[in-house]
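Subject: Structure for you to look through

Hello,

Here is the structure I promised to send over. Please open it beside this email and follow along.

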Amino acid sequence: MKIFAKLKQFFYKNILRKKYYRTGHCLGCGRCCKQIYVRHAKNVVQTEDEFKKLQLLHPFYTYLNVTGKDEIGLIFECKQLDPETNKCKIHKKRPGICRRYPQEAIFMMGGELADNCGYKFTPVESFDEVFNNIKKKSRIKNHRQLD
């Protein structure tokens, strides 16, 4: 691996504490604004009462409508998405959560990117690198136990 790639990997993994590289760009399809999970205090919002309390805390939540519920939690849709154009009505003034989309926390919550999304996530460490590191640590641990 080239030195720049190794430095980038070290920075993402150890400094930023990221598990994925985010690449790509928004295609403007609007699908990410139609199935939203809201996480608060490390949990996905489960009830409408809980959501009503959040709406009092932050104006972003007033942009959302509850559209359903599944095994993960409540599902929301953004009111600022124009249904005809699939464009954000407040794009220049959109909240930070929208500006930072997508974040790898999506996967930690059990979510995923919409089909045909222009963004992609690739692991910072390949499967082989993770596997080899585990094997190496196991060998060191076993060697120490023998001493």
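Asn 116 sits in the loop between α4 and β6 (119-123). Helices here are DSSP runs of H or I with at least four residues, strands are runs of E with at least two, and both are numbered from the N terminus. Phi of Asn 116 is near 60°, a positive value in a residue that is not glycine. Is Asn 116 buried or exposed? Asn 116 is exposed, with a relative accessible area of 61%. Buried means under 20% relative accessible area, exposed means over 50%, and partly exposed is in between (1.4 Å probe, protein chains only).

Some ground rules. This is a predicted model, where local features need pLDDT of at least 70 and side-chain atom pairs count only at pLDDT 80 or more, while totals for chains, interfaces and linings use all residues. Residues are numbered from 1 along each chain as its sequence is written, and side-chain values use heavy atoms, with hydrogens and water left out.

**Other backbone points**

Asn 86 also has a positive phi, near 60°, and is a residue other than glycine. Look for Asn 86 in the loop between β5 and α3. Asn 86 counts as partly exposed, because its relative accessibility is 23%. Arg 17 follows α1, and its phi is positive too, near 60°. Helix α1 itself covers residues 3-15, 13 residues. From first C-alpha to last it reaches 17 Å, close to the 18 Å expected at 1.5 Å a residue. That expected span is 1.5 Å times one less than the number of residues.

Where is the cis peptide bond? It joins Tyr 101 and Pro 102, with omega at about -10°. Pro 102 is in the loop between α3 and α4.

**The cores**

A nonpolar core is a set of buried Ala, Val, Leu, Ile, Met, Phe, Trp, Tyr and Cys residues joined through side-chain atoms within 4.5 Å. The largest one has 11 residues: Ile 36, Val 38, Val 45, Phe 51, Leu 54, Phe 60, Tyr 61, Leu 64, Leu 74, Phe 76 and Cys 78.

What does Leu 54 touch? Leaving out residues up to four places away in sequence, Leu 54 touches Val 38, His 40, Val 45 and Tyr 61. Contact means heavy atoms within 4.5 Å.

Cys 78 lies in strand β5. Cys 78 counts as buried, because its relative accessibility is 12%. Its contacts, not counting residues up to four places away in sequence, are Cys 33, Ile 36, Tyr 63 and Leu 64. Leu 64 is 14 residues from Cys 78 along the chain, yet their C-alpha atoms are separated by 4.6 Å.

**Two strand residues**

Asn 65 belongs to strand β4 (residues 64-69). At 38% relative accessibility, Asn 65 is partly exposed. Beyond four places in sequence, Asn 65 touches Ile 75, Phe 76, Glu 77 and Lys 79.

Gly 24 is in strand β1 (residues 20-24). Gly 24 is exposed, at 51% relative accessible area. Beyond four places in sequence, Gly 24 touches Gly 118 and Tyr 119.

**The largest pocket**

Rolling a probe the size of a water molecule over the atoms shows where empty space is left. On a 1 Å grid over the protein atoms alone, a pocket is an open set of points where a 1.4 Å probe fits, with protein on both sides within 12 Å along at least five of seven lines; lining residues have an atom within 4 Å of a point.

How much space lies in the largest pocket? About 1400 Å³. Its lining has 50 residues, and the closest to its centre are Cys 32, Cys 33, Ile 36, Tyr 101 and Ile 106. Both α3 (96-99) and α4 (105-108) supply at least two lining residues. The largest share, three residues, comes from α3.

Best wishes

Key. Grid points are joined across faces, edges and corners, and a volume is the space filled by probe spheres set on the points.
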